[in-house]
Every structure is written in C-alpha cells, then in structure tokens.
Amino acid sequence: MTRSWAGAATEPRERRSAALRMIRPTYWVRGISYLVPAGLGLLFWIWLEHYVNLPLLFPGPVPTLERFWNLTVHGPLLGAVWASLIRILVGFFAGSAVGVLVGLAMGASRRSGAAFGAYVHFLRFIPPIVWFPVVLLWFGAGQNGKFFLIAYTSIFVVAINTAVGVTAIPPDKLRMGRTFGASWWQILFLVRLPASAPYIFTGMRIALGNAIATIVLAEMLASTNGIGYLLVSGQNFLDPKETFSAMIALGFVGVVADYAFRRAIDKFGGRFSVKREYT
Amino acid sequence: MTLGRRALDSSMAWAVLAVLVGIGAWQVLSTIVVQSFLFPSAWQTLDAFRAMWSSGELTHNLALTGYRVALGAAAGSATGVALGFLVGVNRYVRSIADPYVNYLRSIAAIAWVSPAVVWFGIGKMPIIFVAGYATLFVVLINTAAGVAHIPSDRIRMAKSFGASPLQAFRDVIFPSVVPFIMTGLRIAIGAAVMAGVAGEMVGSNSGIGYVLYQDGLFLRSANVFAGLIVLGVIGFCIDRCFVFLQRAMFRRYELAHD
C-alpha cells in the first residue's frame, strides 16, 4: 500500500494475484502476533509442568494435545461437542424468543413493565443452575430439562435488554408511526420491536455465553454425553488429560459461538442499525 | 383523583399486584399438582425456610458460600485489576495477552471445577478458585477497556504539569478507570456467586449449592424452593448495594447513571 502525502492509504494500482496477496506483510504481522503469544504460553505451560512435576495431576502440553487429538479423531470429543451444541441452541433460541416477548411486555406500558419487571428482576438473580435439582425432578435427566435450563438462562438477559430497547426508542419514530395511523399493536410490533433489535442482539450474545456455562454444569451433574460429561469423567477417573481436552474444546466452542454471533450481527444487524463492535 | 385511582396508577401497586397474583397462582398450581415434592406450595416453602433458618443450616451454609465466593472474587478481581492495567498500559503485553484472554474467558469458569478438585481436593479451594476465575476476566477486560478510554488529553495535561509516571498513574489514570472497574465488579460478583454455587454442587461437601443439590436429590423440593428464593433476594441486595456505591461515587469519578 502506498500512502499519499496526507497520510491516507490509497489502493495499490496493480492487481496482485491471490497467491501474492497471501504473503502480504500484514498477514505476517498477524501470524506473528498469534504465534509469539502461543509460543510463550506453551513455554510457560512446559515450565509449569516441570515445576509442578506431577504428570498424573498436571499434564503438560504435549501429552494433553496428544490426548486432545486422539479424543477428536478416534474418541467422543466431536460427538460431545455436538450434543452440547444441540442443547445450547434449542434452549437458547427458545429462551430468547420468550425473552423478547417478555421484554416487549415489560416495555409496552408502565403498568405491565412494573408487573413483569417484579418477576424478571427477582428471577434473574437466582443462578440458573440452582434450578437444576428442581428441573431434575420435573423433567428427569433427559434432554428436556437441559433445554428448560438453557432457556431459563437466556430469558432474563434477553428480556431486560429488549425492554431497554423498547423504551429507549427515539420518540420521533413513535410519532412517525402514529402520524401514519399505526395502531398501538402495530407500533409495538412494527416500530418498537425492530428498533430494539440491537439491544436484543446484545442480550442474546451475553445469554449465549451464559448458556454455555450452564449446560456444562448440567452435563456434569446428569448426563451421559456432552462436554460437561467428558469433563467430569476425566475428574472421576483421575484423568486430567481428558478434562483438559474437554476444556480446550469448550474454549473453542465459546470463541466460535461468540464469533459467529458477532458475524451474524454484522451481517443481519445492519438493517436495524446495529453498531459494529469488535470487543 | 381519588386515592384508589392514584394507587392504581403507580408502578409499585402493579408490581405488588403481580407478585400477589403470582403467589396465588403458585398456591393454586401446587394444589392441582398433588405430589408436593414435585411442586411445593408457597406455605410449604415458607415452612421449609423457617425450619432451615431455625436449625441454622441456611445461615451456616450461606456464610460458607459467601466466605468462599468473597475470597475468590477478591483474589480474582485484584488480579484482574492488576493485569488489566498491565494489558491496558503496555501494548506489547496487550498483544501477547489478547489471544489468551479471549480464549480463556470463553472457557466457562465452572469447567475449572474438575481440574481444581483433582488439584486441591473436595472442599473450599475449588470453589474459591472457580469464583476467582469467573471474576478475573470480566474485571481484566473492563479495566483494560477503561485504560483505553482515558482521554489522551488528560494524560498529556498531567505530563505537561510535570507529573511523574507514578503520579500520572495514581492521580489521573487510576481514578479515570475506577468507573470501568466498578462496572466490571458488578458483573463479576454475579458471575462469582453463580460459579461458586454451581461449583459447590460438584466440587464441595458444604455450602448452599451443595445443600440445595442434596435437597433436590432427596426430594425435599420445598427446601430447594426456599433456597432459590433466598439466593434471589441476596443477589438482588448485592446488586442494589453496587448500584448504591456507584451512585455514591458518581460525583467523584463521573460515573454514568444507569
């Protein structure tokens, strides 16, 4: 890239081939910016392995990654990730849908806001996982209970964000809707709801992170598959390599889920003027 | 306007009404569901609460959980603030730490309870560890974001008035970041309580999480309901305290109202 005198970057004139573009310096910089931290981290891990020197309790990076690879290729890791993902996604979308409705009800009028708010602001402080014993009673150890738990985790974050979005709408939008003769319901669903999309997406993004945390514990307590089960079986059979592998997978799931959600917001949120964010 | 109508107009009245209707529906529902262990009534829950309270079971285990969560949250947020400043001030540290922070914060804190139990044994240490882990990254990210959001003019001004780096940090950078740290702490405390209680279900043999899980297994659902409500009230109070603190610090640190 060349720089004009004003410091603004201008596009290079010649069109370079894809192969040439691959070795653009920026890629190198980006690659190094990931490789150096990764290398330092691995070194630290190896140092810790030798410092602790209890291979049974604290496996180093080589045995752990070896185990991770084996579990991925030959073992249950991918299946576990899939099982957890299904639970998260079903519960998350169901809970978000309910959360949007509850949030709409909270934001629709002051009275309904007070009525629903009393519950939402109370229930959101109960850690979802404490419902687990009750859920176990109601639904048993199967899928439904996990769906319920994940939905519960998602509802309140989404509801509160939706309510904020519904009430934070610029008054001009409401006035315009009324000028065009929209009824109260039309304004609620065709003006307020779309305008609160950015808030809804933000709430959903937080809810997704919480959902992952909840499902892990639910699977640790009562399940025969999933990432949480893998974690706890590693703990029970004193096999930290398996636990570490499951945690590595869990981190990937978290990163990928968050990234996918951010991309989805970027792609579909533009219509509702969602600001791009890279945090 | 008559007194009755005025009362009907206030939000408080509607909230109270909603809660009363809710409790009524709860009572009715529990009489329809015959097995009380599936759905204890409001009265049974109240009784269970009284029994747990008078036997000291509730306060004892709540104190245990509170102690662990507080210890973990304190350690985690102290580390988070320190690391957050390091990451925020120095860009080399930031570029090294960035992938780790982003990756490690994606691992649910509760997952660490497994290795923590293997390392420290069943008891209070895994809970402290997990609660600390839950707070660490929230506080770290908020602190670093706070450092990044300091208007550069403020630092320049401090420098042109001849402040040493230490003075600039103590008198300009740190106070400017306090609002961000407070926001991080408010989120982190909730996360720590959740992780701590969840951790006690698998990695401990005492504490409110363990007790409620056991109660669930032995079909004492009224106890579980009582515990749920108590935890909700405590969480609500802690959050209110934070809001109060934030408001109190509003003037000094220019915290935004929310």
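A salt bridge is a side-chain nitrogen of Lys or Arg within 4 Å of a carboxyl oxygen of Asp or Glu. In this predicted model, the side chains of A:Arg124 and B:Asp239 meet in such a bridge, with 4.0 Å from N to O. The rule finds one salt bridge across the interface of chain A and chain B. Polar contacts between the two chains come to eleven residue pairs, with both partners at pLDDT 80 or more.

The side of chain A that touches chain B draws two or more residues from each of several helices, namely α2 (25-52), α5 (110-123), α6 (132-139), α10 (197-221), α11 (227-236) and α12 (240-268) of chain A. Helix α12(A) gives the largest share, twelve residues. Sorted by kind, the residues on this side of chain A are 41 nonpolar, eight polar and four charged.

The contact as a whole takes 53 residues from chain A and 52 residues from chain B. Between them the chains bury about 4,400 Å², and carbon and sulfur atoms account for 77% of it. Three residues, A:Arg111, A:Phe125 and A:Leu137, supply 15% of the area that chain A buries against chain B, more than any other three residues.

Aromatic rings come next. Over all chains, the count is 32 aromatic pairs. One of them joins A:Trp138 and B:Phe39, whose rings are stacked, 5.8 Å centre to centre with 25° between the planes. This pair crosses between chains: A:Trp138 lies in helix α6 of chain A, while B:Phe39 sits in the loop between α2 (11-32) and α3 (42-54) of chain B. A:Trp138 has a relative accessible area of 30% and is partly exposed. B:Phe39 is buried, because its relative accessible area is 16% and buried means under 20%.

A second pair, B:Phe85 with B:Phe169, is edge-to-face, with 4.9 Å between the centres and 70° between the planes. Here the link is between distant parts of the chain, from B:Phe85 in helix α4 (residues 57-89) to B:Phe169 in helix α9 (residues 165-203) of chain B, 84 residues apart. B:Phe85 is buried at a relative accessible area of 7%, whereas B:Phe169 counts as partly exposed at 32%.

How values were computed
Residues numbered from 1 in each chain as written. Chains lettered and ligands numbered in written order. Heavy atoms only, no water. Contact = heavy atoms within 4.5 Å. Buried area = accessible area lost by both parts, 1.4 Å probe. Polar contact = N/O pair within 3.5 Å; in protein donor to acceptor, adjacent residues only side chain to side chain. Helix = DSSP H or I, 4+ residues; strand = E, 2+ residues; numbered from the N terminus. Nonpolar A, V, L, I, M, F, W, Y, C, P; charged D, E, K, R; others polar. Phe/Tyr/Trp six-rings, centres within 6.5 Å; stacked < 30°, edge-to-face > 60°. Buried < 20%, exposed > 50% of the residue type's maximum accessible area, 1.4 Å probe, protein only.
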